[in-house]
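Student: Can we go through this structure piece by piece? I would like plain answers.

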Amino acid sequence: MIGLVLTALAGCAGCASGHGEGGASPAPDETALRESLGIPADAVQVVVLSQSSHLDLNFLDTFDGYWEKAVRDVLRASFAILDEQPGYRYSVAEVAWLRRYWDEHPESRDSVRRLASSGALHVVGGGLSSPDSLLPGDESLIRDFLLGIRWTQEHLGVTPRAAWVPDSFGHAPSLPSILEHFHVGAVGLARVDGVEVFAKAGPGKPGGIDPFPGSTAETLAGEGSADWIWRAPDGAEALAHWMPFGYMQGDDLDFSFPWFGVAGFGVDWNRPPFIDPGVVPEHLASHVARLAPLSRTPYLFLPIGIDFSWPKRELLAYVKRWNDERYAATGVWAIAATFDDYVALVNGRRRDLPVLEADASPYFMGFYATHPDLKGTLRRATEALVAAEVAGVIAAATGSPYPADLLDHGWDRSAFMNHHDAITGTSTQEALATDLRPWSADALASGEAALAGSLDALAATVDTATPGADAAVLVLNPSGRARTDLTEVDLAFDPPTAAIDVLDEQGRVLPSQWLTTERVADGRVSRGRLLFLARDVPSAGTAAFAVRRVETASPPADSASPVLTLTRGGRPVDDPSAADAVTLANAALSITLTKAAGWCATALTTADGRALFAGPSLDVVGYFDAGGAYRIGSEVGRDFAERTSVCGGQTPTTLAVRERGPARVSVAFVTPDEAAIERVVSLGAELDRADLAITATPPFASTLVVRLRTPFAGSTLTTRIPFTEVERPRHKLFEPTFWPVTGWVDVGRDEPALGVWVANQGTTGVSATDDGTLDVMLTRDTYWDALGPPNHEDLPYTLRLSVGARRGASWREDRVASRALDAYRPLVAVATGAHAGPVPARRSWLAIEEPDVTLSALKAAQDGSADRIVRVIRHGREPVVAHVASAFAGFAVWKADGLEVAAEPVAADASSFTVTLDRSITTLRLVADAP
């Protein structure tokens, strides 16, 4: 039957793909490409057999374990085959492994470089890892590709032009934007929403695919095309190829038994009884028959290379045999080539491909909250590294060394953590303990050390000689706009002091309070950690605040301090144990929590009385979850059902007042049930958000969510993920549908303009119901998953959220992107003496005026030059003209790519300029000596 199908296809050159012009005569440039690949001019179809090996950094084993047991031998064998067989092609996606081979085998460097420069060895993707694109922070993803591609350029002399992310569990709609920024024009992926791990069989369906209704897979199957032009929300495009039958589809090419999924594991299977070359023609014919209905062009792609698989030694012979025996009858020509070659062929037929703004999620949903400590630590590491670069650039401008080594190490660890089995938390317990938790902690420690060193150096040069000051605090604002926010600093006093005042540059007392103190016998403070309101800290800059020793702390000037009120039956009480309600209020918000609702929030209102909550909120709901590390129970046809609720009052909850000062008020609620839940609610002086910290240890077979009930039924739901914001439907494929969120989620209405935004200081998943209820994933502990290791999580985790009111008709109009960024990119403070210095007490080094543009990075150029790199993010779909002011007078401004290569002049002087932001990501190079 297969032979008859292929013969019929061969007899219809114009309808080879079943889509009109798909089999028409190739364009002249395509003709030349076909000739260079040895494809006959009359070939109706071409199947590209692409040999690679998917090399996880860690998953079922550790990085070192995989190296010793599999990767080193796989690479050695691959390089040997490339040396021995001219015309063989092999692809590697994970540059971290090439780098390790390079470092440990210096005797092979010339050979590896020669293989790469000749085209025998291809690098696809170019990142240090094969990254997940849904969960990492923006800069962490950028650095993954920056470090990986720069390494291939410097050591191998090649620049990847196609990406390879076959195993990521869904993909961000902004992935084409990221790739375009690195001149990567294509991407290969195997997992899109709408199919099982392996595609469901469906008689009569294109290629036998039976996808879920309403999915990306259904759209592509309906289009009859596994290739499409993937357009990002900002207009960036990439040629995308979906491997509907897995990235190891062709591994069975010569296998004599059906379980070819064991082809990997670092074992050389290239011998009988495992292989039987005699089955190759029929197996290849079967693959061609499956792929043909999903191609609008004459080109078919057959990937070969499951995890840690050895290359097929006889691949060239298999291809020759097919062409010798089957080409004349079928018109199908086979070539052993690379994904890059396939992309080049299909690019000549772009006019035949559908253009989709694909949102290839949800593929799996459980991993959004699996081992959440990894996600939270990595997010903090990213923010620390970003802040350290800002501090390092400022300090370097005043004569201090830039902490390049610490920063490079931190970003390197961060890039390793982007791996799709790392930040997702889907590796084994051994990998978690040996690699993932140490790597993420190392990234954080590197960022904090670099930040502390630069701040200390900078503090010594800033003019803090305020009259009457006994000490000073220097505050860094790493954001691109001026900010007023709370910050913390450690102070020491010798001799001890009774109290202190913190003053701004006009000598006004700022709200402050001690968080912790060490006191001497008479009660005076010898050291402590202070919380205070740092007002009007300049953008990407610093401000110095004076510290004055006093006998009694002065009341803050010109400040409406937050208020905490305990009541019982509506009347004020002093004893928290006697209260049945507590209200926290400041100039922007008021939040009330009541004992009758299990100490959940019964009201969150704006200063003018507009309601942001419609029912008991800040609830912690426990779902019985029969899923695993990757998927919640409902995704696998099992239970995912509500079991417990704090607001339901199954377990008594106690109230404690944590803070009651002029800078911040906070209360804590402890529910000593199986999950040992603690919820802390805080309001700060002059802030327009409420900060929440929810800590819990998940019981076995459960997922915990934080529930917020809003009044915005049927309103828009917008989520922030790397480099884009996406308006999401309430339901897609599953009930409930959880969406990944790496920054914030906004829900609200346009008329009258009101909404609520929730910023997340980690990475998690959010679902929304039609009545306006938001469920934010907190943590999970679930069954063993058939796809991999069990998700056993017996550690408490603290999810930090911030909630604010959106008053504009849209999140863009009300600067939600900038306001949410403030919630998870903290101001950083360091104590210093009161002294004269050459740097002004208050200075901005970079300012961006537009409300829908945020600063992503201000750093030294990666090449070690005196140039500076500025990266900004444009929020929303439309181009923006940004006005930028900086302290880098004399630097020329150029638009650059993700590799920091200057490409287009913008302004002769960086002190004040405008730049058009055509895409969501814009990198600028401030050039000390114009090129």
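Tutor: E39 and strand E42 (residues 880-886) pair in the antiparallel sense over three bridges. Two strands pair if DSSP finds at least two bridges between them. Helices (H or I, at least four residues) and strands (E, at least two) are DSSP runs, numbered from the N terminus. This is a predicted model, where local features need pLDDT of at least 70 and side-chain atom pairs count only at pLDDT 80 or more, while totals for chains, interfaces and linings use all residues. Residues are numbered from 1 along each chain as its sequence is written, and side-chain values use heavy atoms, with hydrogens and water left out.

Student: Which residue stands opposite alanine 847 in E42?

Tutor: That is alanine 885.

Student: What is the strand order in that sheet?

Tutor: The order is E39-E42-E45, in an open sheet of three strands with antiparallel pairing. Strand E39 (846-848) and strand E45 (912-917) are at the edges with a single partner strand each, so one side of each has no neighbour in the sheet. Neighbouring strands are turned by 25° against each other on average, direction ignored. Axes here are lines fitted to C-alpha atoms, for helices over the stretch in contact, and angles run from 0 to 180 degrees between N-to-C directions.

Student: New topic. How many disulfides are there?

Tutor: The count comes to one disulfide, where a disulfide is a pair of cysteine sulfur atoms within 2.5 Å. Cysteine 600 and cysteine 647 form it, with their sulfur atoms 2.0 Å apart. In general, a disulfide is a covalent bond between the sulfur atoms of two cysteines.

Student: Where are cysteine 600 and cysteine 647 in the chain?

Tutor: Cysteine 600 is in strand E21 (residues 600-606), and cysteine 647 is in the loop between strand E23 (640-645) and strand E24 (654-660). They are 47 residues apart, so the pair links distant parts of the chain.

Student: Are cysteine 600 and cysteine 647 buried or exposed?

Tutor: Cysteine 600 is buried, and cysteine 647 is buried too. Buried means under 20% relative accessible area, exposed over 50%, and partly exposed in between (1.4 Å probe, protein chains only). With -115° about the S-S bond, their link is left-handed.

Student: How many residues of strand E25 are buried?

Tutor: Seven of the eight residues of strand E25 (residues 664-671) are buried, so the strand is largely enclosed by the rest of the structure. E25 is also joined by eight bridges to strand E26 (residues 677-684), and these two run antiparallel. Arginine 664 stands opposite glycine 684 in E26. The hairpin of E25 and E26 has five residues between the strands, and in it alanine 676 takes a positive phi near 50°.

Student: Now the helices. At what angle do the axes of helix H6 and helix H14 cross?

Tutor: The axes of helix H6 (residues 138-156) and helix H14 (residues 404-417) cross at roughly 100° and come within 9 Å. That makes H6 roughly perpendicular to H14; angles under 35 degrees count as roughly parallel, over 145 as roughly antiparallel, 65 to 115 as roughly perpendicular and the rest as oblique.

Student: Which residues make the contact?

Tutor: Contact means heavy atoms within 4.5 Å. H6 contributes Glu139, Ser140, Arg143, Asp144 and Leu147, and H14 contributes Trp411, Asp412, Ser414 and Ala415.

Student: One last residue. Where is valine 187?

Tutor: Valine 187 is in strand E5 (residues 186-189). Valine 187 is buried, with a relative accessible area of 1%. Not counting residues up to four places away in sequence, valine 187 touches several residues, including Leu175, Trp230 and Phe339.

Student: And which strands make up the open sheet with parallel pairing?

Tutor: That open sheet has three strands in the order E8-E1-E9. Strand E1 (residues 45-51) and E9 pair in the parallel sense over six bridges. Helix H9 (residues 280-291) lies across E1, E8 and E9, running at about 125° to E8.
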